[in-house]
Every structure is written in C-alpha cells, then in structure tokens.
Number of protein chains: 2
Amino acid sequence: MSGAVSHDPVKVIFEPEGRSVLVLPGTPLIEAAGRAGIVLEAPCGGRGTCGKCKVEITQNAPPPGEADRRHLGREELRRGMRLACQTRVQKEMCVHVPVATRFFEHKILTDGKGRSVPLHPTVTKRFMKLPPPGLEDQRSDEDRLLGGLKQKGVTPHLGALRALPAALRQGDFEATAVCAEGRVLTIEAGDTTRWNYGMAFDIGTTTVVGFLIDLTTGRELAVAARANPQIPFGDDVVSRIRHASTHPEGLAQLQERIVQGLNEIIEDCCRQAGFGATHIYEVTVAGNTTMSHLFLGISPEFIAQAPYVCPLRRSINVWARDLGVRIHPHGLVHVLPNMAGFVGSDTTAVVLASGMHQSPERALAIDIGTNGELVVGNKDRLISCSTAAGPAFEGARIRFGMRAADGAIDKLVITYDVEYTVIGGTTPRGLCGTALIDLVAELLRVGAIDPTGRLLPPEETPERTPEAIRARLREGERGTEFVIVQGTEASAGGAMVLTQRDVREMQLAKGAIAAGAAILLKEFGVEPKDLGHILLAGAFGNFIRRSMARRIGLLPDVPTERILYIGNAAGAGARMALLSRKCKDEANRISDRTEYLELAGRADFQQEFTTAMMFPEG
Amino acid sequence: MSGAVSHDPVKVIFEPEGRSVLVLPGTPLIEAAGRAGIVLEAPCGGRGTCGKCKVEITQNAPPPGEADRRHLGREELRRGMRLACQTRVQKEMCVHVPVATRFFEHKILTDGKGRSVPLHPTVTKRFMKLPPPGLEDQRSDEDRLLGGLKQKGVTPHLGALRALPAALRQGDFEATAVCAEGRVLTIEAGDTTRWNYGMAFDIGTTTVVGFLIDLTTGRELAVAARANPQIPFGDDVVSRIRHASTHPEGLAQLQERIVQGLNEIIEDCCRQAGFGATHIYEVTVAGNTTMSHLFLGISPEFIAQAPYVCPLRRSINVWARDLGVRIHPHGLVHVLPNMAGFVGSDTTAVVLASGMHQSPERALAIDIGTNGELVVGNKDRLISCSTAAGPAFEGARIRFGMRAADGAIDKLVITYDVEYTVIGGTTPRGLCGTALIDLVAELLRVGAIDPTGRLLPPEETPERTPEAIRARLREGERGTEFVIVQGTEASAGGAMVLTQRDVREMQLAKGAIAAGAAILLKEFGVEPKDLGHILLAGAFGNFIRRSMARRIGLLPDVPTERILYIGNAAGAGARMALLSRKCKDEANRISDRTEYLELAGRADFQQEFTTAMMFPEG
C-alpha cells in the first residue's frame, strides 16, 4: 500500500502509573512521556544540557549517548538511567519516572521514600480522645467536640451535628473530626485519619478528566476520563451557551449532565482504587469559563454576547450536595477562579502548574482548542487573551477533518511520498488536527503550498517537490486539491483529499492564534526571541510536533528547544489546588492580577491577523 | 344552676394589634394584657406607684382612681389614659397600648412616630447603581457587584451568582444585594430595600407560635399559632424522643412535621400581611432542647438518658432550604442557643427578653410546662435548672384534667360555693392546670385540704369551711373526693371530681418546681425575700393567679407584687434575635455563661422535694 509507514508504532509503558502510549519509532522519550500525560523537568528546553529529565528504562534501554555519560554516574547508566530528552524510542520500553524528574508533581507530592513536601489540603482530619460525659461533666456533645479540637471559632456544619451523637458513642468518645475552613464537616467514630481523599477535575468542552488523590500522601490513586456528556447539546462552547439560554430547561439539563459525568468518573476512580466515595471530602474543578458556569448552574448567556462578560470570575466553594456531586454528603467543591469570559479556570490552572507567575523569565503559555487561550508574562506581570481559532484543529470545517479518534491519521510526514500513522491502526477515515498541521507543514516544505497558502497545481510546483507528491495534486471541483489517501485505501469510499478551502480554514485558525500571540507580546513589550519558553498545554498542544508548528508559523519564532509540552497542565493545576490551600490562594492571586486583553477591542488585531494568516517564507 | 358564675366574661381589645381576650369582670387590666400576650412595664410590681403601665382606654374607660390622678395629667385622664395595674375590667373595653408602656418591645421596636431604635437585623439590603459593562470594562458580574458593595471579604452565595446575571440586566445595572454575615444571599433587580421581612418562632412541645416582622421598621405584621404537628407521635418531649430513637424513620418524620408546621404558619402570616414569602430572608427559632434538635434533624436520643447530654448547645445558622423551611430559597434559619439537655433555647430567649442578665437585681425566671425551667441570677451570675414537674399542670394524670381548650374550667373561686368560668362558654368537661391550682388553693383556704395535702372528709373539716363546700366532700372509691360539678351539669356524664390522688399529683408537680427553685436559690446564695422579682413566663405562667400560686407554695415566698407575668418571653426573645445581631450575640453569651445545675446529682434534692410537697400553713 503506497503511502503507509513501513515501521509500526511502538509501545512505551510509564511506571509507576502503568500508563502506556504508542509512538512512532524515533520519537524523543520526553515527548512520549508528554503524550502519556507525564511531564518531565527540562529547564534546558530538551537540549541535554541540564540533566534534569533522567528516567530509568527498565526494559530495552538503548546504549547511553554522550549527554547521558556527562550527567549520569556509572551505576545509574548500568541501571538504565537515561536523559529522556536525548533518548529516542526505537523498541517497546518500560520506563520508570522518578518523582524528582516530574515537572509539577515533585513540588507537591511525597516521593516513594516519604520525603516530606508541602501538603496542605483544605480538608484535614483530627483524631481526638475525648473524656466521656457524666453527671459532673454534662457539656453538650458539641462543646465536648470543640473542646477537643482546641481551636477558636470553629463551627460544626449541621451534617456534622447530625452525625455527632452516634459517632461519639460508637467510638467510645474516640472520634475523628473532618475539618475545612473553620468548619467541622463531619465526625467519624474512631481513628479515620488514614482515609482522606479528594478528586481533581479538568472539565473540557470535549473531555472530562478526573484524578483521585490520597490527601494524606499526595499520591494519585486513579485517573479516569470521559467524553463530556453535554456533547449531544452541541459540540462547542457557543452551541452549549445557546442551548442553556434558549431552552427553558437547558441550563438544568447541561448542569445535570456534567455532574453525572463527574459522578461516573468518581465511581470509576473508586472502582480502580477499591473503595467507596465516603472518604472523598473535596473536589477541585478547573474548566473553561462556560464549563465552570454550566457545572455551577449559572447561566453563561452573556459570555457569548458583547461585551463578553462572565457572571463569575473568582473561585467559589460550594457544598458537593448542592450540586449533586456524589462524594461524602458534607463534602466540598472548589471551582478555581476564571480570568475572563473566554479565559477560564483551566487557564488559571495552567499558569499555576507552570509556575510562570513566579519566575523572572518571560514565558508564553498556549492552550489550543476551539479557542486559543494565551497568557504571557512572568512574576511581575501577566496578560491573557483568547482568540477564536475556530474548530479547524478539532477537525470541523475540514473536508476530511475528524477528532483524534480511531481511524484518524494523527501523524504524517512526507519522505519521497506521504507516510502516516492511524489511531487504532485501522483503515484511515480522516485527518485529526495534528495531522492537518503536519500535512500543511510538509506541503509547505516540499513547495506544494506557497507562503500565501495556495495549493499549487502540479505544473507550478518547484523542482524540490517529490514526484509522488506532485502526482497527488489534482484539479478538484473548487480548485486544486491534494490526494492524501487514494480511494482504494480510504474507508470513506472516494479519495481522501485536502482542499484549498481546508488550507484556508487552517490558515484562519493558526492566524488567529499567531495574531493573538503577536498582540500579547507587543502589549507586554517582549520580542519572541526574548521569550524564555513557549509552554504548550492541553491534549492537543501535547501532540503537535514542534517543528511542524514552527514551520506553519502557529507559534512565535523561537528555537524549537524553547517550546515545551506541559501536558494536562489544567488538570495538574486542579490537583495542586486540591493538595494545598496555598495553591488555591495562589490561583486566586493569579486570577486577580492577570490583565485581560480584549482582542475585539484592538484596532490592530485585523491587521495582525491578516499577516499571521500567511505562512513563513522558506 | 348552682356553682355557675352569675357574671359573664367580658372582651378587651388591645390596639394596635387588634388582639382580643375574654376575662372575668374585676380582672386587673395589666393581667388581661398579659393574657393577650402583651406585657406591660411595671417596675413597681403593679402597686400603682411607678406610673409606667399607662394605657389609653378608648372605649368604656372607668372613672380615674387616686393612683391615676397622681401619675397622669388632666388631658391624659380626659383621653382615657389609666394605669393598667390599677384598672379593673368591668365592661367590654378597647385599649391602646403605647410603645413606651410595653415591657420588652419598646427597646427594639420603632414606634408609630418613627422614633429610631437599634435595629440591626442579620439580613440587610443594599441598593446599588452599578456602571454597565463595556469593552473597556469587562469585569465579571461578580466583580462589578462586589465593587459596588465596597466591602472587603464578602462572598456571594451560589444562589446569588445564579440570580446575578439576569437581575443586573433586568434592572439596567441597578440592583439590590441581600447580605448576611459577609455573604451575599441573593441579588434582586432594582431597588427592593423596602421589603425585608423575617419570622420569629417559639416552638413549644404543644404549641408553635410564629411572628412575621418587618425588618425595615421592626413592626410585627402578623402572628399565627398552631398545635405542634408532632403531637400524634407523643404528647410530651420524652415520648417524642422515644419515637425519634426507636423508629427508623422517626427522626425524619418528626423533623418533617415540625417544618411543615412552620411552613403553614409562614403561609398564614403571609396571608394576613397580604404578600408572599419571597422577601422573608431569615427565621429565628427558640424552643426547648428536644424541639430544636428535632427541628434540625439531630437525634435527641441521648438527652433522655443519663447523664442527659444534648448534642447541640450553641446557636446555629442553617440554610432554610436545607431544612425545607419555605422562605426565600437562599434564606437563613438561626436557632438560638440551648443551655442544657432540659433547658432549651426558649429559656435562653426568656432570659434575653427579661433583661435579667444585665440587671444588678436578682431575679428568678420560671417557665412552667411538663418541665419547669428555672433561671436565677443577675448581671454577675446565672444558674439554671430543670425540674420534672410532670404533666399534671397540663391536665394529664388528673382524673378530670384537660388542656386549656374549649370546655375546660380555667378559673375557679370559692365564695359560699364553687364559681368558675369555662373556656368557650360551654358545659364544663374538665379542669385545666390553672383551675387545678385555683381549686386546690381555695380548698386549702377554706380548710377542706390540710397542709399535708389530705382531702378531709366532711366531718373533719374546720368550722370555716362553707357548708356548700362541705357538702361536696364525699367518700369515693379511693378515699375522699371533692365534687366540682354535679353529674347533671357535666358533659362527662357522672360528677366531675377532684380525687385525693389528683391532689397528690399536683403536690408532686408543684413540689418539683418549688424544690428546684429552693435549691437554685440556695446555690446562688439568695433568700426569697431578697429576690427583686419572680418572672413567670410562658402561656401557663401567664394564666396562673399569683395569689393562688403563692397559696399552694408553688413559688418562693415573695410579696405578690414582685411576681410579674412576662408573657411569651421565649417568642419575644426570638423576635429580638431576629431584629438584632447584637441580641443574637447576647443570647450566645447568656448560654455560655449560665451554669447548669443538675438536680439529679444533688444529694439534697429529695429532701427539698419532700418538704416542698407540703402546702404552706394557713
């Protein structure tokens, strides 16, 4: 079959999570880890100079390279320790990622050896041995409890008072108080301090991910993800807002759906961990502004109308029961703070997780979806904006575009001809966003697309265009088109093509993001060359190949090694907020201090946008 | 008909409430007011020396007496002003009670002329004109609101955020924030500051009373009362505790019932006032400890078991919706603090309303029901106790005892023979508690009962016993009995009698209260003669005739004029807590500082009790 890759993807298993991922041979191990949602330390930008990304390859470790020898001891090399940025995946591997190598988590998690790190969960437990009552000590159960807590100004929640009499007597007046923010949430008989769990959620428009965390150790016990159950009411944020605003029961329906989604993920995680939700006392949530509002049952109607104002910006604590979230009946939900109508708490969480708000180095964080959310800044100043990339990267409005699901081409290169991998290893049914970028980038490189974005007819292509590629260019109904997969291969029946219009759609998408970035940098007063890093967040960002992204001009022009994948940084930020009250406060300060730049109000946006739609020369 | 009174009860109408009450001719007007739940100032104890109890009799004012002339001006006398303690009701009257004359309320209510008095409700309203959003001011609705409130640290409740977007836009960014305790409860479009209402409740085991109050003026807009809908599950506290503890759904049933009772009273008050419950934002509740617990859904099981410990003592704020109380969906419920397992928030409210906790004068407050709750003290020290009077005063265990309902004899005197009044003016069916006291006191006076409580056979009665009374004494199945109503009169068929056993039951009841009072005074170190006042609270206390109570030795031996009726002081205390946060704090301090004396733990109680069961000599 012409065009299919000759080498099959190989599996890499990451421990201790046990997560596996399939990658093309030759993929840097650090990138494979990113695809598995595990983000590694790489302050040098993956150049092999800092030695921070060391991992232990317990199966099929390749021979050490020069950088490995420079940074690792003999015994380490013998055990299979390697620098992940310098190691290319060639065969199936099993890789152990030490805590110290993890980008975010080492700051907040206890390592396997019990090294203590700041763990300050909102919900804490206190075990008390109380004196039993008698005729000489007739204090109320409440006074007895508060006496045992020895903390001023604590008030028990009604639920705690309801649990109190039985819990005290069941445990012979030995009981555990579950406390949060000056309130006693509940009382449990005996010593239950060992069981204190939480769930962190990243609610995306398309996907919802939840992490079950042990709050006594900081360890992740389970992860589960589901498609956002609101999808039947619209693929994107705008159609969900429309549904919520125009149907009498719309808001309630969407709220119920997303809560049900969370509940299923909680159940799923509990099943993995082998216990019930009784000892889960807190849930933290990051999501885009519309998702947070729908989750809370607050109408997002006005977010979508000029002047694009959201009802809620700050973080909020809500009783889980008031939302229908099924954890402990007196548990809490904390929704992280939004920044603006189109820059949500997921972006706040990205900044929190990246640490860019504390660094002197100027960085640009980008989360690409239907909207691109961008934040530029450092410890002194932060500016955010949102730019409507449109759904091209998610496969919509592209003739053969599709989501990154089974049957989607997800990676594509041009050698003498087109080579690609297909998710699930099936017959290709379409192109997902990353492959669209790959294809356009590669067609640019071989000269089949010119810098204005025109797909050239075969006779206009330059000499460097490979013959097989030239042969795939043909006249379609609406101008030139490029045949990706011949009819015989494609399950779609006819040939799978990239049309001129597809290229234009992708130019609009990448132009919007590039223009947003350009204006943000201009506003901040920084040249691309002075950016320390560009941080690519989110599932999509994780899969974009940096070289391809640079070639189409999606990102500001910085050396490839300064582009870092920071994985599901929104999820990581939500986890941090769960693990530490201080991180919650930090998130609030990030939201408070981040300036929001409304692109719709900028006279220069249209001009930047027009420029940014062009592809970089040569 | 021998024994029936020749003069009918007459009606007295009190304004501006419009409450009417039926009393026997000759009743002091101040006592009639107490029966109507209106308590008047009377620092002199009703001796006509202080001149504080002046009222305006607008219809049928009797000629002024000497005391009236001493204290009132000519013009006042002409308008019908009289001292209520010196005026006897003879004919139907209409009486206007000025605010200054009211015992509690003048401290907290605005009078009709708008004199300003401290009104500090927990729930306050703030009207704001906010700048509308634009592309140059894209603050979230929340930030806009909090900016308008100009108060640090205020957090909006989820419900307020849900109401926010629509409310702001409906009112063109003029809106009213409803705030309480640093939280925004809700937002209303436009200026709604005029409508701010609350309900105060006194939840008794038998009766529930609710008051609808305008929190912008302090005025009472409506009052409604119902029988406690828990009665089908038991007449008294102990049987309700038993039901809650032994039936799987018992607690939930009792909670649901009482909440339903409150909701009906709220509806009833709203109907009287002519508006809905939307602008009622707070409910305050006083009740005995068991009633508070059942209302909150907290098991009272251990209150009834040694060492008689209650789960909850302190005050608590709860969302109305969490209890099912139907006021504004984001409204609050405040339950006043209890003192101990058998001294509830109703007693705290009595102390609050009486002001005895702030006075240098030593006072004894008594609330008589199935239990007698007693508090002795002053500004320096407060001690409370509870004593199991048993249900005799409520009509139980008395052969012809009954509650104060239609058909009950409620007042009784012996002249040459027995004279009485019957509630509802019907044929008598039984005796209520006050009439039981009257009867025993009168039989003691005429010598038909001796100081040990023995009902004498006719031949043993002294000379002073009237012949008609002697004729009513007869040998019954179990010793001597006294015929109150002959068979021909009583609807019960046979004769209505007072038995020896009835007298013993009443001795147990009065002995328990008198012994409790004696021990409390001993503990405090005060002689009865040094008590400034005895304050009789509650419906029953209000109806006891002071002279009769003294004669049977129910109360410590103080001059009659020092015994004051303080009406529904528990309800008055709940109203005060509704009107002012400071009163809530005061109630908390009262509960914190009141020492509780457990009589079950006192070696001397049995001895005091035995003594107290005796009647005072002549």
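Helices and strands here are DSSP runs, helices (H or I) of at least four residues and strands (E) of at least two, numbered from the N terminus. In these terms, Lys150(A) belongs to the loop between α4 and β7 (155-156) of chain A. The structure is a predicted model with two copies of a chain, and chain A superposes on chain B with an RMSD of 0.1 Å.

**Symmetry of the two copies**

- In general, a rotation about an axis and a shift along it relate two copies of a chain.
- Here the rotation that brings chain A onto chain B is 180°, and the shift along its axis is 0.1 Å.
- The copies are thus related as by a two-fold rotation axis.
- Within chain A, Asp322(A) has the C-alpha nearest the axis, at 4.7 Å from it.

**Contact between chain A and chain B**

- Chain A contributes 35 residues to the contact, and chain B contributes 36 residues.
- On the side of chain A that touches chain B, at least two residues come from each of α4 (141-149), α5 (158-170) and β14 (316-319) of chain A.
- The most is given by α5(A), with 5 residues.
- By residue class, this side of chain A divides into 20 nonpolar, 9 charged and 6 polar residues.
- The copies meet through the same surface, because 100% of the interface residues of chain A are also interface residues in chain B.

**Domains of chain A**

- The domain assignment of chain A gives domain 1 (10-103), domain 2 (123-189), domain 3 (197-335), domain 4 (361-391 + 510-613) and domain 5 (393-506).
- Taken over C-alpha atoms, the centres of domain 1 and domain 2 of chain A are separated by 49 Å.

**Covered strand and pairing in chain B**

- Strand β13 (residues 280-287) of chain B is mostly covered, with 8 of its 8 residues buried.
- β13(B) pairs in the parallel sense with strand β10 (residues 197-203) of chain B, over 7 bridges.
- In this pairing, Glu282(B) of β13(B) is the bridge partner of Gly198(B).
- β13(B) also pairs in the parallel sense with strand β15 (residues 332-335) of chain B, over 4 bridges.
- Here Val333(B) of β15(B) is the bridge partner of Val283(B).

**Covered helices in chain B**

- Helix α8(B) is mostly covered, as 8 of its 8 residues are buried.
- The buried residues of α8(B) include Thr289(B), Thr290(B), Ser292(B) and His293(B), together with Met291(B), Leu294(B), Phe295(B) and Leu296(B).
- Just after α8(B), Gly297(B) takes a positive phi of about 75°.
- Helix α16 (residues 569-579) of chain B is likewise mostly covered, with 11 of its 11 residues buried.
- Among the buried residues of α16(B) are Arg575(B), Met576(B), Leu578(B) and Leu579(B).

**Nonpolar core**

- The largest nonpolar core has 385 residues, of which Ala365(A), Leu431(A), Val440(A), Ala365(B) and Val440(B) touch the most other members.
- Leaving aside residues up to four places away in sequence, Val440(B) touches Ile449(B), Val503(B), Met506(B) and Ile552(B).

**Backbone exceptions**

- Most residues other than glycine have a negative phi, and most peptide bonds are trans.
- The peptide bond from Ala306(A) to Pro307(A) is cis, with omega near 0°.
- Pro307(A) lies in the loop between α8 (289-296) and β14 of chain A.
- In chain B, the peptide bond from Ala306(B) to Pro307(B) is cis, with omega near 5°.
- Pro307(B) is placed in the loop between α8 (289-296) and β14 (316-319) of chain B.
- Tyr308(B) is found in the loop between α8 and β14 of chain B, and has a positive phi of about 55° although it is not a glycine.
- Tyr308(B) has 20 other C-beta atoms within 10 Å, and a residue counts as buried at 20 or more, so Tyr308(B) is buried.
- Lys150(A), also not a glycine, has a positive phi of about 50°.
- Lys150(A) has 9 other C-beta atoms within 10 Å, and a residue counts as exposed at 12 or fewer, so Lys150(A) is exposed.

Technical notes. Residues numbered from 1 in each chain as written. Chains lettered and ligands numbered in written order. Predicted model: local features only at pLDDT ≥ 70, side-chain atom pairs only at ≥ 80, totals over all residues. Contact = placed C-beta atoms within 7 Å. Nonpolar A, V, L, I, M, F, W, Y, C, P; charged D, E, K, R; others polar. Domains from an automatic or database assignment. Pairing = 2+ DSSP bridges. Core = buried A, V, L, I, M, F, W, Y, C linked by C-beta atoms within 7 Å. Least-squares fit on C-alpha atoms with pLDDT ≥ 70 in both.
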